Amino acid sequence: VRSRLKRKRNRALTRVCRNLESEAYAEQIKNCEELLDMAKNSDSAPNGADIPVLAFAATKIVRQYRRLCADTRKISHKSTDEELHSVRIQVKQLRYLLDLFQELLPAKEARFLIHRLKKLQDRLGGFNDVVVQRRFINDLLQHDKLSEPERDTLNGLSAIMFQKYLKERECLGQDMSDFCTGKIRKNLKKISGLIPKQQKGA
């Protein structure tokens with residue numbers, strides 16, 4: 001048991017190190033640096049400072065939303081779990097931006113977007129849990145010392161988890177598609193309206 005826990009701890013450490021070296025983390029750091037640079041260079045008067053920061057926030061959020069929807073449109077029934085995980089990272093980045101700039105944005109639109117993002121993140125998290133559970137069961141099935149009853153039990157559990165996996169994946173696909181249409185797009189248009197015209201094409 002100790003050796004198994006040690007291996008799990010080492011894998012968790014590896015994931016943390018990988019995340020710190022990932023493009024998603026680098027993008028978050030870059031966003032913070034750009035915001036700090038903007039604060040240094042903006043007008044010292046409060047009214048003068050609010051406008052560029054708000055435009056910066058809206059630009060980042062709208063671009064991230066478009067990036068997320070572009071990746072979502074590439075998802076199909078043939079997509080791998082790793083490709084779905086990349087969408088999960090995009091969702092996290094959008095959530096970070098909305099949480100960071102929520103106080104600057106129109107309150108109603110910001111609350112709605114964060115609420116829908118939370119629901120999508122819950123769905124993505126549930127799907128990821130199923131993926132991890134299936135992987136764990138498959139790893140256990142690789143052990144040579146399993147008794148026949150143990151192997152039969154794990155095979156039965158694997159079949160149940162596979163059905164759950166298919167259901168979660170179908171629901172996730174629908175939720176991701178919905179997130180890039182309808183009321184959410186309308187809310188993003190309002191936030192897009194905060195971007196000065198000369199910056200929209202940038």
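These are my notebook entries on a predicted model of one protein chain.

**Ground rules**

I count residues from 1 along each chain as its sequence is written, and side-chain values rest on heavy atoms, with hydrogens and water left out. The model is predicted, so I kept to pLDDT of at least 70 for local features and 80 or more for side-chain atom pairs, while totals for chains, interfaces and linings use all residues.

**Entry 1: the fold**

I started with the overall layout. The chain has eight helices and zero strands (DSSP runs numbered from the N terminus: H or I of at least four residues for helices, E of at least two for strands). Along the sequence I read the pattern α-α-α-α-α-α-α-α. Next I checked burial: 32% of the 202 residues count as buried (under 20% relative accessible area; exposed is over 50%, partly exposed in between, with a 1.4 Å probe and protein chains only).

**Entry 2: salt bridges**

Side chains of opposite charge can pair when their charged atoms come close. My rule for a salt bridge was a side-chain nitrogen of Lys or Arg within 4 Å of a carboxyl oxygen of Asp or Glu, and the count came to six.

Arginine 169 and aspartate 81 make one of them, at 3.4 Å from N to O. That pair ties helix 6 to helix 4 across 88 residues of sequence. Arginine 169 counts as buried because its relative accessibility is 16%; aspartate 81, at 22%, counts as partly exposed.

Glutamate 168 meets arginine 123 at 3.8 Å, N to O, a link from helix 6 to helix 5 over 45 residues. Aspartate 175 meets arginine 123 at 2.9 Å, N to O, and here helix 6 and helix 5 are joined over 52 residues. Glutamate 168 is buried at 18%, whereas arginine 123 is partly exposed at 26%. Aspartate 175 is partly exposed, with a relative accessible area of 26%.

**Entry 3: lysine 167**

I then looked up lysine 167, also in helix 6 (residues 148-179). Is it buried or exposed? Lysine 167 is exposed, because its relative accessibility is 57%. Phenylalanine 127 sits 40 residues away in sequence, but the C-alpha to C-alpha distance from lysine 167 is 9.3 Å.

**Entry 4: the largest pocket**

Rolling a probe the size of a water molecule over the atoms shows where empty space is left. A pocket here is an open set of points on a 1 Å grid over the protein atoms alone, where a 1.4 Å probe fits, with protein on both sides within 12 Å along at least five of seven lines; lining residues have an atom within 4 Å of a point. The largest one has a volume of about 1,200 Å³. It is lined by 30 residues, and Arg15, Arg18, Asn128, Val132 and Arg135 are the closest to its centre.

Helix 5 (107-141) is among the helices that supply at least two lining residues, and it gives the most, with nine. I sorted the lining into eleven nonpolar, seven polar and twelve charged residues.

**Entry 5: a nonpolar patch**

Last, I noted a nonpolar surface patch of about 330 Å² made by Val16, Leu20, Tyr25 and Ile29. Helix 1 and helix 2 each supply at least two of its residues. Tyrosine 25 lies in helix 2 and counts as partly exposed, because its relative accessibility is 34%.

Technical notes:
Points joined across faces, edges and corners; volume = space filled by probe spheres on them. Nonpolar A, V, L, I, M, F, W, Y, C, P; charged D, E, K, R; others polar. Patch = residues over 30% accessible without salt bridge, like charges linked within 9 Å, V, L, I, M, F, W, Y side chains within 5 Å. Areas by Shrake-Rupley, 256 points an atom, 1.4 Å probe, with all protein chains shown as cover.
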